[in-house]
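User: Hi! Could you walk me through this protein model in plain words? I'm new to reading structures.

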Amino acid sequence: MIKCIETFSAASRAKQAFFRIKKIDKVFPVMMQALGRQKVSADWQKDGGQYIPLPTTWLNGERWEDVEQVEVQPPASGPVVPTAADLERRESERQRQLDENMNELLERMKQEGEIEP
């Protein structure tokens, strides 16, 4: 019986919190989307849902505005060592860029009459 009264009281408080939200017509779709994402999150699934916030807490805390944590892969351990092919490719690209720059400079000098064609 006491559990039933506690449940009714908690539901009543959640209902009051819900109706205190301003511009509920605009916020409600956002709330439902957030609820859909949060209910499948690791936090809400952990230990059989032990850490799901109470409805009143979720509503009063405007938890629909929470930013979900994105799991980021840790960086690779150890230094990244380029292969011989990587070094050759870099050197080839550097040489190509030098040649291109030199050709542009020579062409400009010819156009300006600084050197003979």
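**A chat about the model**

Analyst: Happy to. Helices here (H or I, at least four residues) and strands (E, at least two) are DSSP runs, numbered from the N terminus. This is a predicted model, where local features need pLDDT of at least 70 and side-chain atom pairs count only at pLDDT 80 or more, while totals for chains, interfaces and linings use all residues. Residues are numbered from 1 along each chain as its sequence is written, and side-chain values use heavy atoms, with hydrogens and water left out.

User: Thanks! How many helices and strands does the protein have?

Analyst: Five helices and zero strands. Read along the sequence, that gives the pattern α-α-α-α-α.

User: And where is the confidence lowest, and where is it highest?

Analyst: Lowest in helix H1 (residues 2-20), with a mean of 72, and highest in H5, with 89. These are pLDDT values, the predictor's confidence in each residue, from 0 to 100. Over residues 1-5 the pLDDT is below 50, and this stretch has zero contacts in the model beyond near neighbours in sequence. A contact means heavy atoms within 4.5 Å.

User: What about the mean for the protein?

Analyst: The mean pLDDT is 80, and 83% of the residues reach 70 or more.

User: Back to H5. How far apart are its end C-alpha atoms?

Analyst: They are 41 Å apart. H5 has 28 residues (84-111), and at 1.5 Å a residue it should span 40 Å, so the two values agree. The expected span is 1.5 Å times one less than the number of residues.

User: Is Leu105 partly exposed or buried?

Analyst: Leu105, which sits in helix H5, counts as partly exposed because its relative accessibility is 38%. Buried means under 20% relative accessible area, exposed means over 50%, and partly exposed is in between (1.4 Å probe, protein chains only).

User: New topic: how many salt bridges does the structure hold?

Analyst: Six. A salt bridge is a side-chain nitrogen of Lys or Arg within 4 Å of a carboxyl oxygen of Asp or Glu. One of them joins Glu93 and Arg96, at 2.6 Å from N to O.

User: How are Glu93 and Arg96 placed in the helix?

Analyst: They are three residues apart in H5, so about one helical turn separates them. Glu93 is partly exposed, at 40% relative accessible area, and Arg96 is partly exposed too, at 39%. Along with Glu100, these two residues are linked in a network of salt bridges.

User: OK, now the inside. What share of the residues is buried?

Analyst: Buried residues make up 11% of the 117 residues. Thr56 is an example: it lies in helix H4 (residues 55-60), and it counts as buried because its relative accessible area is 17%.

User: Which residues does Thr56 touch?

Analyst: Leaving out residues up to four places away in sequence, Thr56 touches Ala10, Arg13, Ala14 and Ala17.

User: You began with a positive phi at a glycine. Which other residues have one?

Analyst: Two to look at are Asp47 and Glu62. Asp47 has a phi near 50°, positive in a residue other than glycine, and it is in the loop between helix H3 (42-45) and H4. Glu62 has a positive phi near 50°, and it lies in the loop between H4 and H5. Glu62 is partly exposed, at 38% relative accessible area.
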